[in-house]
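Please open the structure in your viewer and keep the selection tool at hand. The tour below goes from one stop to the next, saying what to select and what is there.

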Amino acid sequence: MPETRDPQLLKGVLPMLALAALTRAETYGYELVTVLRDAGLTELSTGTLYPVLTRLERDGLLTSRLVASSSGPARKYYRPSDVGLRALADQRTAWAALVAVAGRVLADAGPTTHAQPAVLAAAPTTPGERS
């Protein structure tokens with residue numbers, strides 16, 4: 001696994017991953033960050049996840065409730081709504097199709113080194129450079 005992850009890749013799938021993780025158990029934001037970090041998103045921050053949770057709730061894909069906490073202010077617990085569960089099922093299908101396409105394209109790709117292709121390296125750039 002690369003040491004740094006393209007944040008745009010994560011941005012595209014984080015809502016789906018948050019919904020998926022919340023199907024296991026109702027939980028609050030920081031605990032969800034911990035679950036996703038344990039799953040391999042080690043660089044995920046609360047500042048990245050909370051806007052996603054807000055958007056998912058605003059779009060009706062999550063429901064929430066406040067639960068009193070003995071260690072501080074009340075925590076907002078999230079779980080997928082029925083609409084969210086249907087959306088997750090659709091997203092899983094779309095994701096599987098995208099992964100299949102990406103896998104085929106990447107499998108057919110040429111070398112990933114930065115070596116100059118042989119055709120271009122052998123071609124003279126100007127008539128005076130020919131040997």
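**Stop one: a pair of neighbours**

Select Asp59 and Arg58, which form a salt bridge whose closest N and O atoms are 3.7 Å apart; the term salt bridge stands for a side-chain nitrogen of Lys or Arg within 4 Å of a carboxyl oxygen of Asp or Glu. Asp59 is partly exposed, at a relative accessible area of 44%, whereas Arg58 is exposed, at 60%; buried means under 20% relative accessible area, exposed over 50%, and partly exposed in between, with a 1.4 Å probe and protein chains only.

Before going on, note that this is a predicted model, in which local features need pLDDT of at least 70 and side-chain atom pairs count only at pLDDT 80 or more, while totals for chains, interfaces and linings use all residues. Residues are numbered from 1 along each chain as its sequence is written, and side-chain values use heavy atoms, with hydrogens and water left out.

**Stop two: the whole protein**

Now show the protein as a cartoon, where there are five helices and three strands, following the pattern α-β-α-α-β-β-α-α along the sequence; helices (H or I, at least four residues) and strands (E, at least two) are DSSP runs, numbered from the N terminus. Of the 131 residues in the protein, 24% are buried.

**Stop three: the other salt bridges**

How many salt bridges does a search of the whole structure find? The search finds three. Side chains of opposite charge can pair when their charged atoms come close.

Select Arg65 and Glu26, which form a salt bridge with their closest N and O atoms 2.8 Å apart. This pair links distant parts of the chain, since Arg65 is in strand S2 (residues 62-69) and Glu26 is in the loop between helix H1 (7-22) and S1, 39 residues apart. Arg65 is partly exposed at 45% relative accessibility, and Glu26 is partly exposed with a relative accessible area of 27%.

Next select Lys76 and Glu57, whose side chains meet in a salt bridge at 3.1 Å, N to O. Here Lys76 in strand S3 and Glu57 in helix H3 (residues 46-58) are 19 residues apart, and the pair links distant parts of the chain. Lys76 counts as partly exposed at 34% relative accessibility, and Glu57 counts as partly exposed at 23%.

Select Thr27, which is in strand S1 (residues 27-28) and is buried, with a relative accessible area of 5%. Leaving aside neighbours within four places in sequence, Thr27 is in contact (heavy atoms within 4.5 Å) with Leu22, Leu32, Lys76, Tyr77 and Tyr78.

The ring centres of Tyr28 and Tyr77 are 5.3 Å apart and their planes are at 70 degrees, so the pair is edge-to-face. Because Tyr28 lies in strand S1 and Tyr77 in strand S3 (residues 72-80), the pair ties together parts that are 49 residues apart in sequence. Tyr28 is buried, with a relative accessible area of 16%, and Tyr77 is buried, with 17%.

Key:
Rings of Phe, Tyr and Trp (its six-membered ring) pair if their centres lie within 6.5 Å; planes under 30 degrees apart count as stacked, over 60 as edge-to-face and the rest as tilted.
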